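This report is written for someone meeting the structure for the first time. Please look over the sequence and the model before reading on.

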Amino acid sequence: MKTLLRTVPALVVLALLAALPAAAQLSPVELLGKELYFDKSLSSPNNQSCAFCHEERSGFSGHIPGINKAGAVYPGAERQRFGNRRPPTASYAGDSPVFDYVCFEEDGEEECLFVGGMFWDGRATGWVTGDPLADQAMGPYLNPVEQNLPSEEVACMIVEQSKYASLYEEVYGMPIDCADYHGDGHLVAYKNFALAVAAFERSVEVSPFDSKFDYVLAGEAEFTEQEAWGRQLFNGKGRCSACHPEGLFTDFTYDNLGVPINPENPFYRMDTVYVDGMPINPEGAAWVDPGLAGFLETLPQSVFDEWGLDKETAVAESLGKHKVPTLRNVDKRPGPGFAKSYMHNGSLKSLEEVVSFYNSRDAMIAAGMIVPEVWENMNEDELGDLGLTADEEAAIVAFMATLSDGYRIKDKGKDKDK
Ligand code: HEC
Ligand code: HEC
């Protein structure tokens with residue numbers, strides 16, 4: 001399945017692996033992006049940067065164990081406001097193609113899928129800047145449940161007055177002009193900020209490709225027996241590589257795994273918190289995450305016409321589907337006991353739990369142990385009843401732990417992330 005989509009990212013990665021990174025040396029545009037990524041003054045109140053929800057030590061995902069253990073969703077700069085989903089990693093997102101509906105041939109049969117874009121539901125498409133990652137970076141600064149700035153103009157003026165304003169001029173060959181004679185100087189600048197943030201996210205500081213897995217592929221480290229076995233299972237009996245192919249460990253497609261609801265998600269309580277006179281979540285506890293369907297719903301029929309699709313059908317068939325996330329840095333954490341959370345709603349709390357879910361989902365549902373958030377469109381082909389033994393489950397977990405960045409050749413054999 002999906003062989004075509006699988007090979008493309010793998011090739012990209014192989015090219016990158018040819019030269020494992022030396023010490024991080026950022027270019028001017030990457031440095032500008034780094035400033036913008038860490039600048040808390042780009043929020044209202046001035047207490048939140050991108051790193052608040054995407055911290056390196058936790059694999060560029062959420063860094064507060066108490067939140068990860070429970071609702072898994074992070075508050076905005078206005079701390080009583082919450083969005084609806086768990087922050088995914090901001091690393092290795094740079095190779096997601098522009099969102100599209102793609103058909104290809106597989107064993108003589110045509111298969112068509114939605115692919116690419118950014119966010120769990122793909123709504124940062126890349127249609128604005130040509131780059132999904134830059135489209136994404138235009139969101140958080142102005143999102144009222146995230147950094148909450150009132151406008152592009154205000155963002156522009158904060159950067160104009162910052163100590164790194166000269167970096168902008170060096171990168172783009174013109175000073176920031178938040179009110180130039182076209183009147184859209186602030187929009188030009190805002191888009192350029194997003195492009196710089198995307199450049200930083202693609203840099204060796206955020207996406208260094210220096211995990212144990214990368215060193216093994218480069219012939220400079222060796223897997224333990226358990227890790228090597230886990231890799232085999234990952235690509236074989238566990239069927240993980242059908243959607244998380246080696247390389248970037250995502251094929252950028254969408255699926256509904258039947259992930260259980262996270263009852264502690266604070267979004268269910270957002271019917272009592274208001275932005276501009278409107279509750280953040282009018283549906284309250286009755287809200288169900290539509291995933292990809294929610295984004296498709298916002299598109300006009302004309303877009304579906306171009307894809308040769310009927311909108312209503314496409315939306316119905318996408319309910320509950322979420323983007324396949326990269327598994328790079330999935331086990332990255334500041335210390336052994338540090339709690340993380342997984343899936344779009346953070347309902348699963350450890351990699352052991354994740355693998356056991358894939359292995360035994362169907363039995364768990366039958367026993368009433370879990371209830372899928374969305375029953376429609378649930379993938380019954382590639383997961384749910386894998387027949388893995390406990391040792392096999394553990395081996396797959398051990399393999400995923402080799403995907404954490406920061407493995408150094410001098411630690412070879414010591415397995416520094418454990
Ligand atoms: C309040 C927490 C919060 C802040 C602040 C925040 N993010 Fe996120 N980020 C999220 C959440 C939640 C998602 C997933 C949202 C969704 O899919 O609907 C996300 C998604 C992303 C993604 C998509 C990854 C993927 O594979 O789809 C990237 C990249 C990203 N954020 C980068 C950034 C950048 C850059 C900033 C700063 C400009 C930022 N984030 C600020 C919470 C946050
Ligand atoms: C049919 C495609 C598919 C297969 C097969 C698959 N996955 Fe996934 N994986 C996904 C999707 C889609 C998500 C996100 C689902 C969601 O959040 O609702 C995901 C999420 C994950 C996550 C959580 C990552 C995060 O950042 O939250 C892990 C870990 C993971 N998968 C590991 C595996 C392993 C291990 C296997 C094999 C045993 C596997 N996957 C098989 C599609 C797949």
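In which loop is His 54 found? His 54 belongs to the loop between helix H2 (28-38) and helix H3 (65-69), where helices (H or I, at least four residues) and strands (E, at least two) are DSSP runs numbered from the N terminus.

## Basis of the model

This is a predicted model, in which local features need pLDDT of at least 70 and side-chain atom pairs count only at pLDDT 80 or more, while totals for chains, interfaces and linings use all residues. Residues are numbered from 1 along each chain as its sequence is written, chains are lettered from A and ligands numbered from 1 in the order in which they are written, and side-chain values use heavy atoms, with hydrogens and water left out.

## Overall form

The secondary structure of the protein consists of 14 helices and six strands. Along the principal axes, its C-alpha atoms fill a box of roughly 65 × 50 × 45 Å.

## Ligand 1 and its iron atom

The iron atom of ligand 1 has a single donor from the protein, namely NE2 of His 54 at 2.1 Å. Donors here are N, O and S atoms within 2.8 Å of the metal (3.2 Å for Na, K and Ca), and water is not among the atoms, so sites may look incomplete.

Around ligand 1 there are 24 residues, of which Cys 50, Cys 53, His 54, Phe 119 and Trp 120 come nearest; a residue is counted as near if one of its heavy atoms lies within 4 Å. By class, this shell has twelve nonpolar, six polar and six charged residues, where Ala, Val, Leu, Ile, Met, Phe, Trp, Tyr, Cys and Pro count as nonpolar, Asp, Glu, Lys and Arg as charged, and the others, Gly among them, as polar. Helix H4 (132-137) and helix H7 (185-202) each supply at least two residues of the shell around ligand 1. An oxygen atom of ligand 1 lies 2.8 Å from a polar side-chain atom of Arg 85, and a nitrogen atom of ligand 1 lies 3.1 Å from a polar side-chain atom of Gln 136.

## Ligand 2

For ligand 2 the shell has 26 residues, with Arg 86, Cys 240, Cys 243, His 244 and Tyr 358 the closest, and by class it holds 16 nonpolar, five polar and five charged residues.

## Backbone details

Most residues other than glycine have a negative phi, and most peptide bonds are trans. The peptide bond from Ser 44 to Pro 45 is cis, with omega near -5 degrees, and Pro 45 lies in the loop between H2 and H3. Tyr 92, although not a glycine, has a positive phi of about 60 degrees, and Tyr 92 is located in the loop between H3 and strand S1 (100-106).

Terms used:
A polar contact is a pair of N or O atoms within 3.5 Å; within protein, one must be able to donate a hydrogen and the other to accept it, and residues adjacent in sequence count only if both atoms are side-chain atoms.
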